[in-house]
Amino acid sequence: TSSAASSASSNSGASSTMHALQSRLHRRFARGVSLSAQYTWGKSLDNASSIGGAGNAVAQDDSNLRAERGLSSFDQRHRLELQYTYEFPFGERRALAQRGWLARLLSNWQVSGGASFLSGQPHTPLVGGNRTNNSGTGAAAGGGSSERADATGLSVRLANPTVNHFFNTEAFTVPPPGRFGSAGRNTIAGPASQALNSSLSRSFRFTEQGPRAEIRLEANNLLNTPAFAGLGTVLNALNFGRLTSARQMRTLKWHARVTF
């Protein structure tokens, strides 16, 4: 069929648009403190999944590309990123460069890092199993599971999503045999993520003119906040509506370096 043939080739007829508002605040380093924040509000639309990086999917109906118009796979509505640096007020060229064992203990220490708060990226509700070619066109033969579910009209979002029930599975159903699904591309909002990374470091000299040493303790995902990645979006699969995987949890690294 024409649908099956189109899954093995590409054309240059796709289109995409993105509108965004970006703001940035920055406090230059002064008195041992530096802060910056960047916020992006945006929306990206396209009619080809390959634009968003999900190239294993093809158009559900190659004769109705308007039905492919939807959120890009990389779309993130909100993106907030923070960076910070703080130097302890003791040590070389510091405001409190007085002598004493406490000053020596606290001298030349620095805390730095960043935090991110990101909206989830969208996912597409698909028909799987023995219904993968539910329309009878052969569209799924060369493009993986590209046929979508039917939208029931119910809201996809849940007021209190959980790991085992992240979105409203009753918002989708299997289309009648011989017909394409009515659900739009990328209509399921994925899980948001947040992370705090931080490091504590100190540099010092063994002697006044001797080599400089640096020690550093780094913590990624300091608060050990779960950052879920996988989401079951294939109708009739056992994991439909569930979060299926998570990114790396908290890690700690210790570094030591001597510069001659």
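Q: Which residues of the largest nonpolar core touch the most other members?
A: In this predicted model, the largest nonpolar core has 14 residues, and those touching the most other members are Val-156, Phe-167, Phe-172, Ile-188, Leu-231 and Leu-235.

Q: How is a pair of aromatic rings described?
A: Two quantities are used, the distance of the centres and the angle of the planes. The structure holds three aromatic pairs. In one of them, Tyr-86 with Phe-88, the ring centres are 5.8 Å apart and the planes stand at 45°, so the pair is tilted.

Q: Which class does the pair of Phe-167 and Phe-172 fall into, by its planes?
A: The planes of Phe-167 and Phe-172 are at 75°, so this pair is edge-to-face; the centres lie 6.3 Å apart. Planes over 60 degrees apart are given that label. Ring pairs also bring in Phe-240, which forms a cluster with Phe-167 and Phe-172.

Q: Are Phe-167 and Phe-172 buried or exposed?
A: The cut-off for buried is under 20% relative accessible area. Phe-167 has 2% relative accessibility and therefore counts as buried. Phe-172, at 7%, is buried as well.

Q: How do Tyr-86 and Phe-88 count by relative accessibility?
A: Tyr-86 is partly exposed, at 36% relative accessibility. Phe-88 is also partly exposed, its relative accessible area being 22%.

Q: Where does Leu-45 lie, and what is it in contact with beyond its neighbours in sequence?
A: Leu-45 belongs to strand S2, which covers residues 33–46. Leaving aside neighbours within four places, its contacts are Ser-15, Ser-16 and Thr-17, together with Arg-69, Gly-70, Leu-71 and Ser-72. For Leu-45 and Ser-72, 27 residues apart in sequence, the C-alpha to C-alpha distance is 5.1 Å. Leu-45 has a relative accessibility of 26%, so it counts as partly exposed.

Q: What share of the contacts with a separation of 6 or more comes from residues 24 or more positions apart?
A: Such residues account for 66% of those contacts in the protein. As for secondary structure, the protein has two helices and 14 strands.

Terms used:
Residues are numbered from 1 along each chain as its sequence is written. This is a predicted model: local features need pLDDT of at least 70, side-chain atom pairs count only at pLDDT 80 or more; totals for chains, interfaces and linings use all residues. Side-chain values use heavy atoms; hydrogens and water are left out. Helices (H or I, at least four residues) and strands (E, at least two) are DSSP runs, numbered from the N terminus. Buried means under 20% relative accessible area, exposed over 50%, partly exposed in between (1.4 Å probe, protein chains only). Contact means heavy atoms within 4.5 Å. A nonpolar core is a set of buried Ala, Val, Leu, Ile, Met, Phe, Trp, Tyr and Cys residues joined through side-chain atoms within 4.5 Å. Rings of Phe, Tyr and Trp (its six-membered ring) pair if their centres lie within 6.5 Å; planes under 30 degrees apart count as stacked, over 60 as edge-to-face and the rest as tilted.
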